[in-house]
Amino acid sequence: MNSAPLRIQLSWDTPATGERREPTLAIPIALGRDFNAMPAQIQGRPVSRMVLNSLEVSRFHVLIDTDSGALVVIDQNSRNGTFVNGQRVATNGRTLLANGDSLQIGPYQIAIAFGARTQLSAASRNSQIFFNPNTGLPDPNPPPPLPVATTTHNFPPPLFQTLEVAVQDLHATGLPVEEVDYATVGAGLGSFVWADLLRISGVKSSQIAALGIAPQPYSRYKQLCLNSQIPLHERLRSNSDSCPDNIWGWPSYAVREAWHNAVRGHWGTALGYLWQVFAEPTFAQTYTPRAENVFASLDREVKRIGWEQMFRYGSVRAIRKTTDGRYAIAYSRTTTGYRNHAFLVAPYVHLATGYPAIKFLPDLQAYREKTQDFKSVVNAYEPHDHVYQHLEQYGGTVMIRGRGIVASRIVQRVYEARLRNSNIRLVHLMRSPKPQGNKFGTSQRRVEHHYEFQPFNWPKACWSGELREMLEKADPNERQRLIADWGGTTTALRHDWQWIVEQGLKLGWYKIEFGEVERVEREPSGIITYIQEKNFKGQIRLEADFIIDATGLDAKVTASPLLNDLVTHYNLPLNPLGRLSVSNDFELVEMRASRGQMYAAGAITLGGSYAAVDSFLGLQYAALRAVDAMTTNKASGIRRLNGLSSLLQWGKWVANKSP
Amino acid sequence: MTPTLFGRWQTRLLLLATVGVLITLPFSLGIIGPGASSEFFWILGYIALFGFIWDILYNYLQKFRWDRDWPGAFQLFAGIWEAIFMACVVKFLGLPNVPRELPLNGFIFHYSLVWLGVYIASQTLMRILFPRWRFKGGQWL
């Protein structure tokens, strides 16, 4: 029996945010939901206590301690059990722990390492790929982040170092200053949905300005879809009723697609879609709209509400309060060749800048830094069609990391490549087995082949039902717990994907492996992933020609230079997940000015009263709350959408008339 | 649908009081159905009344579903169950102002039309007249 170390490293991804935690702790270690329920000392030895915030975790769930010189995990009569490498530890029972084992406690998947495992720097532990501020696309080597108030080139001007800027001082710079009633920053889907609702609520297009770098509101979204292998004819993971072009959700995308088929005489197909939305998800596979149909519907709405008149090309550098109780936005219109800056002043400002960055696994980041190989090791959200082209032509082995919806789509893409070249193998590397799905109250999420299933990225009732209400009523600590229990990496239950996984596993071209990656190296035989040794079985090496990181989009707002500047300049509070702290109406209350208000929407607000912020329907919810709050604040030109005005506006939508 | 309990109650009440009444009117006047009678309005009232209790059960059952949703198919099953229950109560126990010799065909015809009308209105008109309704678990107030 090996003697147990005095300190071990635990590592896990926080379920709510995906953020990596890797504490090294002295034995004994107590894990539980309630710090005070765990003992401070055991037999005179101080206990390292770690709080895991989830209702699935008992107050004092498990103890890691030494027993006759070996490391053991001892369940503390936990309600939902403790799993080691997928095997349940008997209630109150104990199991030996070895280096490389994985411990599942509720939604937490914790890897055990004896001694510090990796030499990765703190900076690369939460490594990211940033969006190029000029193209809006993921870029592994973006230009140095410019949008900070204290930058060279004298823009934004030095007066932006004060807390409030005077509008006459902006004019004095000689740069163009435009004044509008409503300004939205980002000009992506979040901005569009907000502007759309403002237009429907009576605001004129001349009163609204949307600042961004792409005229099409779905430009970045579409590019990320295409990069992550969702071609235009494929279906998005979005509900039939989530229509960013139509606040009412009627006609839904399923009804539109059914109608489209019915008028062409395809009655069976049409009825099929209607059956899906009637019976989903219990008796039919959940209906999801085709990407191209969503984009086409947005194109129509773009024209209808006059988005072209609202859109301004520009990359926002800084936002400040003005002395007259509004906000000043400094933005750059610089294109190749000449420098061009301007200001926008508005009493109502909306931030919808999207994901600040893409998550990238630190070991892959380290590999890239070392080898400068950006072609064989990619993130799924980066353009990587060359991987499939190479595979189709020459065959090879591809490794996927992560097990969410993007991983599923890439498994499908590799399957399609295999139809052209059967000499393709797929290794799916997961951190740990997933023996059972998350539990909440009397319900549990379904798991198959270590994939956890859910129609959308949150349980459905997070958008509008009971769970939305529960989260809104919860205090900040409870909210974190609920988000941990409902969140996590899931994929959609699609019959074609299930079939591909079953076939692949049976025929052997698809393999699922588990382990914590130690390092990734370029060697003559390919790219080698070294897995932490397990139970003294020796080191495991996995060979591949390509590695695709499908772990997802995720980042704190401080990763965005613009938001980071705003947060530090005004000392704004962040919520426990490191996102903007907003009210239930999505207002940044600390930024309130005498004549205006600032709102936010999308991924930058996760962690507040609403979970599904990052979805079409969630953006519409945020817009409804914000516009209703601005109506109460008597913002210029808004009329509250009531039964009659809503019906009239819907009629205009049907007739494709300007609101 | 991902209704809350209050959402279920509010939607049931509003739709039975509007769409339900509109559909029941021609039945009570004898334009359609087995003949002019006020019993159809009484049945409509009992559907609303008993429904308040059924909604508590449905809301409880919904908690066993991970997504806390209530598919259209479940609404149909609930509708069929409530019809069977109502018919049994009328036939075996009796309800004030509803004769025990209620013609079953007429009852099924009226009940089905009301259910269909309410279901279609909840999928279409409610969303258009109450744009916040679907975001609030079916609460329109």
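This is a short tour of the structure, stop by stop, with something to select at each one.

**Before you start**

You are looking at a predicted model, where local features need pLDDT of at least 70, side-chain atom pairs count only at pLDDT 80 or more, and totals for chains, interfaces and linings use all residues. Residues are numbered from 1 along each chain as its sequence is written, while chains are lettered from A and ligands numbered from 1 in the order in which they are written.

**Stop 1: all of chain A**

The mean for chain A is 91, and 95% of its residues reach 70 or more. Now pick residues 148-152 of chain A, where the pLDDT is below 50; beyond near neighbours in sequence, this stretch has 10 contacts in the model. Two residues are in contact if their C-beta atoms, placed from the backbone, lie within 7 Å. Where pLDDT is low, the predicted coordinates should not be read in detail.

Switch to a cartoon view. Chain A has 17 helices and 39 strands; these are DSSP runs (helices H or I, at least four residues; strands E, at least two), numbered from the N terminus. Its C-alpha atoms fill a box of roughly 75 × 65 × 50 Å along the principal axes. Buried residues make up 52% of the 659 residues in chain A. A residue is buried if 20 or more other C-beta atoms, placed from the backbone, lie within 10 Å of its own, exposed if 12 or fewer, and partly exposed in between.

**Stop 2: an open sheet**

Which strands make up the open sheet, and in what order? Five of them, β27-β38-β28-β29-β34 of chain A, with parallel pairing. Strands pair if DSSP finds at least two bridges between them. Select 377-379 (β27) and 510-514 (β34) of chain A: these strands stand at the edges with a single partner each, so one side of each is left without a neighbour in the sheet. From one strand to the next, the twist averages 20 degrees.

Next, show residues 396-401 (β28) and 424-430 (β29) of chain A, which run parallel and are joined by six bridges. Look for A:Gly396, which stands opposite A:Ile424 in β29(A). Angles run from 0 to 180 degrees between N-to-C directions, and axes are lines fitted to C-alpha atoms, for helices over the stretch in contact.

**Stop 3: where chain A touches chain B**

Bring chain B into view: 32 residues of chain A are in contact with 24 residues of chain B. Among the elements giving two or more residues to this side of chain A are α6 (267-279) and α16 (616-632). Helix α17(A) gives the most, with four residues.

**Stop 4: two cis peptide bonds**

Zoom in on A:Trp250 and A:Pro251, joined by a cis peptide bond with omega of about -5 degrees. A:Pro251 is in the loop between α4 (219-227) and α5 (253-262) of chain A. A cis peptide bond also joins A:Glu280 and A:Pro281, with omega of about -5 degrees. You will find A:Pro281 in the loop between α6 and α7 (291-305) of chain A.

**Stop 5: a loop residue**

Is A:Gln43 buried or exposed? It counts as exposed, with 6 C-beta neighbours inside 10 Å. A:Gln43 lies in the loop between β5 (41-42) and β6 (45-46) of chain A, and its phi is near 45 degrees, a positive value in a residue other than glycine.

Note on methods
pLDDT = per-residue confidence, 0-100.
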